[in-house]
Amino acid sequence: MNLALFDLDHTLLPIDSDYEWGQFLCRQGAVDAAAFARRNDEFFAQYQAGTLDPVEYLEFALGTLATFDPAQLAGLQQQFMSEVIEPNILPSARALLQRHLDAGDLVAIVTATNHFVTAPIAKAFGVDYLIAALPEIVDGRITGRLNGTPTQGHGKILHTRAWLEQMGKTLEHFDHVYFYSDSHNDLPLLSIVSHPVATNPNAVLTRHANEQGWTLLHLFND
């Protein structure tokens, strides 16, 4: 059996779901739009530059979720999926995933974005396994704190290995291990799999992939 791992934002989606969730909340008037957008933009720029503190960002994002009760969050989540995410689930990404599923590969999405935002996206893609940052939940409510360690950078390796261990497997159990990602932030995991695929890569990852002879894939070209 092969293992196929996928980053989500700018890899399977042509957008950043975490950033767009923040923009969506601003449009809904659910947060102070000016203050939130400014902070969200700062974090997004840090992510692109590779300087983001993942815990600081995640607790900013999760802190926003904590201000809503579960019923409000469910309604907002459904609207966000309908208005923002579903129009950006494109045939090329679906086809790539389906090729691995049809081949009988074990498929998972491994994302730094939190589980609340990404769980319905993974479901919409037909992917059963999601490795994402987990919000702490107490008495059915998100507290605003991160549960465990971030799923970013080296954290993706730690969480992927832990997930496989729950199934009695390791990365070494698989004939081929693919990881598709757009970002140099994912170089730790890209560097240890047998088949790294720079997917819609940013400039830094493009240079590195060319130097290493990795496959480059552009899913969203017209």
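The model is predicted, so local features need pLDDT of at least 70 and side-chain atom pairs count only at pLDDT 80 or more, while totals for chains, interfaces and linings use all residues. Residues are numbered from 1 along each chain as its sequence is written, and side-chain values use heavy atoms, with hydrogens and water left out. The count comes to 2 cavities of 30 Å³ or more, where a cavity is a set of points on a 1 Å grid over the protein atoms alone at which a 1.4 Å probe fits but cannot get out.

**Helix packing**

- Helix α2 (residues 33-49) and helix α3 (residues 54-65) pack at an angle of about 150 degrees, with their axes 11 Å apart; axes are lines fitted to C-alpha atoms, for helices over the stretch in contact, and angles run from 0 to 180 degrees between N-to-C directions.
- That angle makes α2 roughly antiparallel to α3, a term for angles over 145 degrees, whereas under 35 counts as roughly parallel, 65 to 115 as roughly perpendicular and the rest as oblique.
- The crossing of α2 and α3 is left-handed, meaning that the near helix is turned anticlockwise from the far one by less than a right angle, with clockwise giving right-handed.
- On the α2 side F36, R39, N40 and F43 meet E56, Y57, F60 and T64 of α3, contact being heavy atoms within 4.5 Å.
- This contact of α2 with α3 divides into 4 nonpolar, 2 polar and 2 charged residues, where Ala, Val, Leu, Ile, Met, Phe, Trp, Tyr, Cys and Pro count as nonpolar, Asp, Glu, Lys and Arg as charged, and the others, Gly among them, as polar.
- The axes of α1 and helix α4 (residues 70-85) come within 11 Å and cross at roughly 110 degrees, and α1 and α4 are therefore roughly perpendicular to each other.
- The α1–α4 crossing is right-handed, and it brings S17, E20, W21, F24, L25 and R27 of α1 to L76, Q77, Q79, F80, E83, V84 and I85 of α4.
- By class, the contact of α1 with α4 holds 7 nonpolar, 3 polar and 3 charged residues.

- The largest cavity has a volume of about 220 Å³, a volume being the space filled by probe spheres set on grid points that are joined across faces, edges and corners.
- Of the 17 residues that line the largest cavity, D16, D18, Y47, Y57 and T113 are the closest to its centre, and lining residues are those with an atom within 4 Å of a point.
- Two or more lining residues of the largest cavity come from each of α1 (17-27), α2, α3 and β2 (106-114), and α2 gives the most, with 4 residues.
- The second largest cavity, with a volume of about 40 Å³, is lined by D18, W21, G22, F36, N40, Y57, F60 and A61.
- Its lining has 5 nonpolar, 2 polar and 1 charged residues.

**Largest pocket**

- The largest pocket has a volume of about 170 Å³; a pocket is an open set of points with protein on both sides within 12 Å along at least five of seven lines.
- H115, L130, I131, A132, L134, H159, A162, W163 and Q166 line this pocket, with β3 (129-138) and α7 (154-166) each supplying at least two of the lining residues; helices (H or I, at least four residues) and strands (E, at least two) are DSSP runs, numbered from the N terminus.
- The lining of the largest pocket divides into 6 nonpolar, 3 polar and no charged residues.
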